[in-house]
Structure formats: C-alpha cells, structure tokens
Amino acid sequence: MLNEVLPDLLEEIVYLLKQQGADPLEAKLRALRIESVCDCGDENCASFATASEVKVANYVELQSMEGQVIIDLNAADEICFIEVLGRPDVKYLLEEFYDSRN
Ligand SMILES: [Zn+2]
C-alpha cells in the first residue's frame, strides 16, 4: 500500500491537494496500491503506477516544494499513475521496497 511504503509522500500529496482544492482525491489516494515502479531508467524518476492498466485521461500537477509530482487519472477519474521527478527521498524508499520484494 502507498500509505505503508511512502507515508510522508502521501501526506504531502494530501496537503497539496487541499491547497489546490482537489481534496476529493484524498480517499482514493489513501487506498492506493503501488502496482509497479516506472522503468524509464531516468535517475531523477521515482514514478509509479497505481493501477494495472495506465491510460491517462487527465492529470493534476501539484505545487510541490521539491521536485515535481503529478497525479495521472484515467477516464473514470481513478488514479492510475503518480509521476514523481527530482525526489531522491521517494526514489530511495521505492527502491528499498522493491528490493525487499524481489
Ligand atoms: Zn520513469
């Protein structure tokens, strides 16, 4: 679950969504699972998919203090992918999570 692997990022996203008036997404965020980690190979990238099928129809770009965080939504307004760039703290936790599973 996202709230177990990246609790700080989750709270940061929830806070930013409230700032931007997009807090209806909060309940969905808290229920997200990390399905897979982005394999683009970019060392700045700590993005991950939260649905088995990623088809982006819409997105919410957050005004994060550090790096770039974008929430991708599919046509049904479900969160399918979270783009995280320039956040070594998040990347470290994701790698640790995946190393422990493989
Ligand atoms: Zn990537």
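Trainee: What makes the radius of gyration of this chain agree with a compact globule?

Mentor: Set the two values side by side. A compact globule of 102 residues would come out near 13 Å, and the chain has 13 Å, so the two agree. Keep in mind that this is a predicted model. The C-alpha atoms fill a box of roughly 35 × 30 × 25 Å along the principal axes.

Trainee: How do you know what confidence the predictor has in the chain?

Mentor: Look at pLDDT, which runs from 0 to 100. The chain averages 94, and 98% of the residues score at least 70. Confidence is highest in S5, at 98, and lowest in helix H4, residues 88-101, at a mean of 88.

Trainee: Let's pick a residue. Why is Ile82 called buried?

Mentor: Count C-beta neighbours inside 10 Å: Ile82 has 26. The cut-off for buried is 20 or more, so with 26 Ile82 counts as buried. Across the chain, buried residues make up 20% of the 102.

Trainee: Where is Ile82 found, and which residues is it in contact with beyond four places in sequence?

Mentor: Ile82 is in strand S5, residues 79-85. Leaving aside neighbours within four places, Ile82 is in contact with Ser47, Phe48, Thr50, Ile71 and Asp72.

Trainee: And why is Ile70 called partly exposed?

Mentor: Ile70 has 16 C-beta neighbours inside 10 Å. Buried needs 20 or more and exposed needs 12 or fewer, so 16 puts Ile70 in between, as partly exposed. Ile70 lies in strand S4, residues 68-73.

Trainee: What does Ile70 touch, not counting residues up to four places away?

Mentor: Tyr59, Glu61, Leu62 and Glu83. For a contact, the C-beta atoms have to lie within 7 Å.

Trainee: What share of the contacts comes from residues 24 or more positions apart?

Mentor: Taking contacts with a separation of 6 or more, residues 24 or more positions apart account for 47%.

Note on methods. Residues are numbered from 1 along each chain as its sequence is written. This is a predicted model: local features need pLDDT of at least 70, side-chain atom pairs count only at pLDDT 80 or more; totals for chains, interfaces and linings use all residues. Helices (H or I, at least four residues) and strands (E, at least two) are DSSP runs, numbered from the N terminus. Two residues are in contact if their C-beta atoms, placed from the backbone, lie within 7 Å. The radius of gyration is taken over C-alpha atoms; the globule rule is 2.2 Å times the number of residues to the power 0.38.
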